[in-house]
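The following note sets out points for discussion on the model shown below. Please read it alongside the coordinates.

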Amino acid sequence: MPILDVGTAKIRVKNLRLRTFIGIKEEEINNRQDVIINLTIFYSAQAAVQENEIEYALNYRTITKAIISHVENNRFALLERLTQELVDLVMQYKEVQYVEVEVDKPQALRYSDSVSVTLSGRR
């Protein structure tokens, strides 16, 4: 993860809870399951700080809406694939310097709270 330089903002979206088709077993293919998504996004916020106007900021609401749509309207066999697709989606926003995405699949394993995969992207 990059070091926070002066003027660089770190945005965290915590515990975004969605439902999607994820897995390889028949039960998983046929039934939606919960996933929990955490994002860490770095971008240069100098203009946003100076101007105090939304058009100078990275709009995390727009990014989150795109993630919700992507997760809820697609099917995934593997957590790795879902996680990478979300990294790629966030990196489409040219302001993003770095993103880290963690996707949890609650109750994926007996005796554990969840299984998660974390991947990142950088410019």
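1. Arg19 is partly exposed, having a relative accessible area of 40%; the class lies between buried (under 20% relative accessible area) and exposed (over 50%), for a 1.4 Å probe and protein chains only. Asp34 is likewise partly exposed, at 39% relative accessibility. Arg19 and Asp34 form a salt bridge whose closest N and O atoms are 2.6 Å apart; the term denotes a side-chain nitrogen of Lys or Arg within 4 Å of a carboxyl oxygen of Asp or Glu. Arg19 belongs to strand β1 (residues 8–22) and Asp34 to strand β2 (residues 33–44), so the pair ties together parts that are 15 residues apart in sequence.

2. Concerning the basis of these values, the model is predicted: local features need pLDDT of at least 70 and side-chain atom pairs count only at pLDDT 80 or more, while totals for chains, interfaces and linings use all residues. Residues are numbered from 1 along each chain as its sequence is written, and side-chain values use heavy atoms, with hydrogens and water left out.

3. The salt-bridge count comes to four. Among them is the pair Arg81 and Glu85, with closest N and O atoms 2.6 Å apart. Both residues lie in helix α4 (residues 79–91), four residues apart, and are thus separated by about one helical turn. Arg81 is exposed, at 54% relative accessibility. Another pair is Glu95 with Lys94, at 3.6 Å between the closest N and O atoms. Here Glu95 is partly exposed at 34%, whereas Lys94 is exposed at 67%.

4. The protein chain contains four helices and five strands, taken as DSSP runs (helices H or I, at least four residues; strands E, at least two) numbered from the N terminus. Their order from the N terminus is β-α-β-α-α-β-α-β-β. Of the 123 residues, 39% count as buried. Contacts (heavy atoms within 4.5 Å) between residues 24 or more positions apart make up 61% of those with a separation of 6 or more.

5. The largest pocket has a volume of about 170 Å³. A pocket is an open set of points on a 1 Å grid over the protein atoms alone, where a 1.4 Å probe fits, with protein on both sides within 12 Å along at least five of seven lines; lining residues have an atom within 4 Å of a point. The lining includes Ile22, Lys25, Glu28, Glu80 and Lys105, and its residues divide into seven nonpolar, one polar and four charged.

Key:
Grid points are joined across faces, edges and corners, and a volume is the space filled by probe spheres set on the points. Ala, Val, Leu, Ile, Met, Phe, Trp, Tyr, Cys and Pro count as nonpolar, Asp, Glu, Lys and Arg as charged, and the others, Gly among them, as polar.
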